[in-house]
Amino acid sequence: MNNLAQFTNQAQLTYNNTVAVSNLAVGEIQDVLSITKTAVSEVYTANDSVPYVINIINSGNTDLTNLTLTDNLGSYTMDTNTFTPLTYSANSLRYFRNNVIQPSPTVTSGNTLTVTGFTVPAGGSATFVYETHTNEYTPLQPESIITNIATLTGNLTTITAEETISVSAEPDLSISKSISPVPVMENGTVTYTFVIQNTGNTPVKGGAVITDTFNPIISNITAVFNDTPWVQGVDYSYDQSTGVFISGTDRVTVDAATYSQDSTTGIVNVTPGTSTLVITGTI
């Protein structure tokens with residue numbers, strides 16, 4: 001953004017003990033530097049990469065040197081404590097002058113990212129591309145946002161640019177499988193337990209499908225989902241000649257995760273939504 005600073009000036013004329021005051025002249029100073037900041041993606045999730053691009057334009061006719069750029073990495077205050085939801089990915093920063101890559105300037109990071117000792121050429125641009133990632137302080141509740149501010153100082157001026165990204169509203173699923181008993185006797189009964197977890201902030205109400213090929217093939221199977229028996233041909237299909245099990249496209253449901261944040265430590269705790277499928281058969 002460009003800042004317009006207004007100034008005024010008034011002259012005084014003294015002659016033979018008479019004072020005359022001029023009109024008030026008004027002028028404006030326009031900064032020669034402007035800055036924009038853009039996130040590569042408008043949404044984020046847990047354990048996500050969040051790249052940014054900062055572009056600085058020098059509309060003046062003199063190179064501007066020894067500038068400093070600071071990014072607050074989305075820091076926010078909760079009660080009286082300040083937490084930083086983004087972490088700079090070490091050695092990821094790339095510096096371009098007039099779209100030509102340059103040696104990296106000095107970069108320091110922690111609760112802020114600071115870049116020092118760089119130049120924006122006259123009538124040209126400096127561009128910074130770097131990666132951050134979400135961390136344990138990143139808000140994940142529905143409708144959460146991260147707003148981070150870049151501040152450019154130098155040339156007797158300070159200008160800022162900010163960018164806001166929103167948490168992605170989607171499920172985040174994982175599945176694990178266990179077998180019991182171990183070992184199992186030949187012609188014995190075996191139980192497979194599938195645990196589906198959702199660490200996302202949106203529930204699964206359909207569209208998820210569980211597929212498995214049992215080897216060795218099991219027979220006389222029963223399937224129970226979240227303590228409710230499933231009916232073969234309605235809730236799932238099973239080919240006893242191949243051992244292929246496929247759940248119905250609208251049968252797997254998983255609640256959204258729930259989140260809590262400690263106002264002292266700032267750590268966001270995730271309790272996944274969980275569903276369980278138990279399949280029992282004879283080997």
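Select glycine 266 to begin: leaving aside residues up to four places away in sequence, glycine 266 touches Tyr76, Phe83, Glu136, Tyr137 and Gln261. The model is a predicted one. Glycine 266 sits in the loop between strand 26 (258-261) and strand 27 (268-271). With a relative accessibility of 0%, glycine 266 counts as buried. Glycine 266 and leucine 277 are 11 residues apart in sequence, and their C-alpha atoms are 35 Å apart in space.

**The whole chain**

Zoom out and colour by secondary structure. The protein has 28 strands and 0 helices. Its C-alpha atoms fill a box of roughly 120 × 40 × 35 Å along the principal axes. The radius of gyration is 31 Å, whereas a compact globule of 283 residues would have one near 19 Å. Of the 283 residues, 35% count as buried. Contacts between residues at least 6 apart in sequence join residues at least 24 apart in 67% of cases.

Switch to a surface view. The accessible surface is about 15500 Å², and carbon and sulfur atoms account for 50% of that area. Colouring by charge shows 6 positive and 22 negative charges, with mean positions 6 Å apart.

**Aromatic pairs**

Show the aromatic side chains next. The structure holds 12 aromatic pairs. Among them is the pair of tyrosine 95 and phenylalanine 128, which counts as stacked because the ring centres are 5.0 Å apart and the planes lie at 10 degrees. Tyrosine 95 belongs to strand 12 (residues 94-97) and phenylalanine 128 to strand 16 (residues 125-134), so the pair ties together parts that are 33 residues apart in sequence. Tyrosine 95 is buried, at 3% relative accessible area, and phenylalanine 128 is buried too, at 0%.

Move on to tyrosine 236 and phenylalanine 245. Their ring centres are 5.1 Å apart and their planes are at 25 degrees, so this pair is also stacked. Tyrosine 236 counts as buried at 4% relative accessibility, as does phenylalanine 245 at 0%.

**Serine 89**

Select serine 89, in the loop between strand 11 (86-88) and strand 12. Serine 89 counts as buried, with 10% relative accessibility. Beyond residues up to four places away in sequence, serine 89 touches Glu131, Thr132 and His133.

**Backbone geometry**

Most peptide bonds are trans, and most residues other than glycine have a negative phi.

Go to the loop between strand 19 (173-180) and strand 20 (189-198), where proline 181 is placed. Serine 180 and proline 181 are joined by a cis peptide bond, with omega about -5 degrees. Proline 183 lies in the loop between strand 19 and strand 20 as well. The bond from valine 182 to proline 183 is cis, with omega near -5 degrees.

Then select leucine 73, in the loop between strand 8 (64-71) and strand 9 (76-78). Leucine 73 is not a glycine, yet has a positive phi of about 55 degrees. Leucine 73 is buried, at 0% relative accessible area.

Finish at asparagine 99, in the loop between strand 12 and strand 13 (100-102). Asparagine 99 has a phi near 70 degrees, a positive value in a residue other than glycine. Is asparagine 99 buried or exposed? Asparagine 99 is exposed, with a relative accessible area of 66%.

Technical notes. Residues numbered from 1 in each chain as written. Predicted model: local features only at pLDDT ≥ 70, side-chain atom pairs only at ≥ 80, totals over all residues. Heavy atoms only, no water. Helix = DSSP H or I, 4+ residues; strand = E, 2+ residues; numbered from the N terminus. Rg over C-alpha atoms; globule rule 2.2 N^0.38 Å. Buried < 20%, exposed > 50% of the residue type's maximum accessible area, 1.4 Å probe, protein only. Contact = heavy atoms within 4.5 Å. Areas by Shrake-Rupley, 256 points an atom, 1.4 Å probe, with all protein chains shown as cover. Lys, Arg positive; Asp, Glu negative; His and termini not counted. Charge placed at Lys NZ, Arg CZ, Asp CG, Glu CD. Phe/Tyr/Trp six-rings, centres within 6.5 Å; stacked < 30°, edge-to-face > 60°.
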